[in-house]
2 protein chains.
Amino acid sequence: MALQSFIEVKPDSHFPIQNLPYGVFKPEPGSPARPGVAIGDYVLDLSEIAKAGLFNGPILTGSDCFLQPTLNKLLAMGRPAWKEARATLQKLLSSTEAALRDNARLRQKSLVSMVIVMYGLVIVIGQAWFIGCGLLMLNLHLNFQGKVEMVLPIEIGDYTDFFSSMHHAKNCGTIFRGPQNPIPANWFHLPIAYHGRASSIVISGTDIVRPRGQGTPSGNSPPPFGPSQKLDFELEMAAIVGPGNELGKPVDVNEAADHIFGVVMMNDWSARDIQAWEYVPLGPFLGKSFGTTISPWIVTLDALEPFACDAPKQDPHPLPYLAEKISKNYDISLEVQIKPAGQQDSCVVTRSNFKNLYWTLTQQVAHHTINGCNLRPGDLLGTGTISGPEPASLGCLLELTWNGQKPLSLNGASRKFLEDGDEVTFTGCCKGTGYNVGFGTCSGKIIPSPSL
Amino acid sequence: MALQSFIEVKPDSHFPIQNLPYGVFKPEPGSPARPGVAIGDYVLDLSEIAKAGLFNGPILTGSDCFLQPTLNKLLAMGRPAWKEARATLQKLLSSTEAALRDNARLRQKSLVSMVIVMYGLVIVIGQAWFIGCGLLMLNLHLNFQGKVEMVLPIEIGDYTDFFSSMHHAKNCGTIFRGPQNPIPANWFHLPIAYHGRASSIVISGTDIVRPRGQGTPSGNSPPPFGPSQKLDFELEMAAIVGPGNELGKPVDVNEAADHIFGVVMMNDWSARDIQAWEYVPLGPFLGKSFGTTISPWIVTLDALEPFACDAPKQDPHPLPYLAEKISKNYDISLEVQIKPAGQQDSCVVTRSNFKNLYWTLTQQVAHHTINGCNLRPGDLLGTGTISGPEPASLGCLLELTWNGQKPLSLNGASRKFLEDGDEVTFTGCCKGTGYNVGFGTCSGKIIPSPSL
Ligand SMILES: [Ca+2]
Ligand SMILES: [Ca+2]
Ligand SMILES: [Mg+2]
Ligand SMILES: [Mg+2]
Ligand code: NI
């Protein structure tokens, strides 16, 4: 029988005991941020588990890596520490283990509900003798607490965005440069990427301010200037770097998986009019740097392992430094919904899958470091927009509406690009037998450009 | 008469009392890093000055900004704090002020020699009653101390590199894309830039490992792979960001100077073969990310102010968000020398000047933030290669040798691009009447690619 937790996990939950994704949260506004893992509708507070001495394996005993406001210290410790933490937590949360299950006081301190309506229930489940007071606190808290606040789980030193979906590369090339050779000659030889902006990476739920900027002028007019008229999302995922490497010492492609802690969903918001005008010859800059949203939960490579699948065959055969013994993708279903301002319902605008990527995460790491560039714990490596081959699997509006030429209908509202008030939500999930390993959601709402 | 320090400053020194550039140093290997300012051949240890209570103005009294291992906290405090610190230090170091001049014990603690042969002299000047022991220490220290170790003065969240010299843009465009319209249409409308790699920024004196990578294939062959055959320097300067701005709130171009703490020299090492193959369509990546060297001393905008000069007239007139009331450059002479391995002497290969830039630092800040992108204290904004109009003022070997077609002679040694063992040194200096405001040097030596 499958591993089960003593905590109730609904069948459609993204967060069963098989997942245990890492995040950083504040149990209440103003309280210090601390690491947690998601389990069902709860966050397990790892600072409390550490303080209780329950990380008692050889590597993590006495470590303060769970007493930090980010996960960077854990990331730096590498895969042996990650494996030990996962084994410890799966045991601790399993239905057959008494240490936490039967310790009402520790449950009450360490298990925090993620949903408002569940708050009373935490108390009930967590601390039976405390029911009366729990219900009282429910009343007291509801007004100001809302729910657990998720914050950026890592301090991101550098953020790189790749361009690893062939379908996306082909469609963008056709739209920006025409149908003759839309995919540049280098694309099949190396995972193309650019450096992104780290400062404007925000956590899911943060509003995105519509950027201002220049667009392409017509004739001899000055460039048009104002709020972007072609604001877009990009459906991506991103790897989070573990130990990293020293400057001057590349990571071998067959050891690169040890440098990836896990994966998040990422929305690389893009202003297509700003991007089209600025990007020659040095690449995307202000068309991207106004905001990038990541999901709060980092799903570890270990949790994704049951969903590994073969990566696409690569032709031409990659150079030796990119040729890996085992070339893996992951079967992760991805969905994008848009909810226009004032509408009740979201509309699904695309369904794609992580396995549509041509270049693997491990090839991305090997390529990134082949010149000696150093990766550091917490660096973020975006995959690039994950478009599939079918029209309904394209990963951004640029492709879905073919640069605005074929508007989408959202429950009757027409969209070429995003409008103020639109809320974009990504969902990602691996479907296992009897359980899911999911990423939750990654969302953001567009708010108008402020007046200057 | 000009302001003078009680500390001897030679006439050709870069560091008179008019300069007082900021850096971070370790007085001895293993000691904690702390902020200092350069004065003549000495570093004034600002942690000691702070501990002695001598930062006694309204903003800095009691602040711990000088008790940090980086300058980021000082940067975040903004121009009023920087002005106060400068006034305090100029007074403290002036020949007419007794507080430090006549306090032998404090001088001994806070003034550290930057040059080995001067060590005895520190003691002599710094603490007369301590001469005997000072000379003894000289003997004891010479073997292991070397000299003061300068470290990266800031934690750099994001590094951006602009492309602001028209001469450089024109030459690169001609070499990479041909003589028809070498400067892209957008160049005259906006300061083009790309995000650079923050992790591989190193302090002057750090060796640079020759990067490996792919080059452009000929015909149907696979791309050539190996150590770069076209390793280059780029003569640049870089602004260091002060308080920065909130996400979504652009910085006005006329207030942008308040967001710039100061300027360093920067060598944006570039592998032209890697860059040429990878840069379409997303810009430079591995051709740049293997290393970027900055000089240790940050010369403040206040120290540069006497050397301000008019920026070039811009035609077409920039859009309103880039149109500034006063458009300033600075008259900073720059020189690049190369010393091949085994040679005694360096060879000057170029002489340029900061005032060759078309886009100003303040326009760069305004453009960077117009889309709402947030700058943070310690961000680094490179100017781009500073090439002048004359053949002897070009800022990189790509231009100087016209992509290797016209080799340079260095005391008899021929160079198309950099060879292993070559040491590249930048010097930057503003010539005042009776004093200089200089940047010291920014240097790095090429070491061979390690075997894989
Ligand atoms: Ca992207
Ligand atoms: Ca450059
Ligand atoms: Mg973005
Ligand atoms: Mg560089
Ligand atoms: Ni960065």
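First, the ground rules. What we have is a predicted model, where local features need pLDDT of at least 70 and side-chain atom pairs count only at pLDDT 80 or more, while totals for chains, interfaces and linings use all residues. Residues count from 1 along each chain as written, chains are lettered from A and ligands numbered from 1 in written order, and side-chain values use heavy atoms, without hydrogens or water.

Okay, the domains. Chain A is assigned domain 1 (22–151) and domain 2 (159–447), with bounds from an automatic or database domain assignment. The contact between them, meaning heavy atoms within 4.5 Å, takes 19 residues from domain 1 and 18 residues from domain 2. Their centres, over C-alpha atoms, sit 31 Å apart.

How many salt bridges link domain 1 of chain A and domain 2 of chain A? The count is 3, where a salt bridge is a side-chain nitrogen of Lys or Arg within 4 Å of a carboxyl oxygen of Asp or Glu. R79(A) also forms a salt bridge with D258(A), and the closest N and O atoms there are 3.1 Å apart.

Now the calcium ion, ligand 1. D161(A), E234(A), E236(A) and D268(A) coordinate it at 2.2 to 2.5 Å. Donors here are N, O and S atoms within 2.8 Å of the metal, or 3.2 Å for Na, K and Ca; water is not among the atoms, so sites may look incomplete. Along the chain, the spacing reads D-x72-E-x1-E-x31-D.

And E236(A), buried or exposed? Buried, because its relative accessibility is 0%, and buried means under 20% relative accessible area, exposed over 50%, partly exposed in between, using a 1.4 Å probe and protein chains only. E234(A) is buried too, at 3%.
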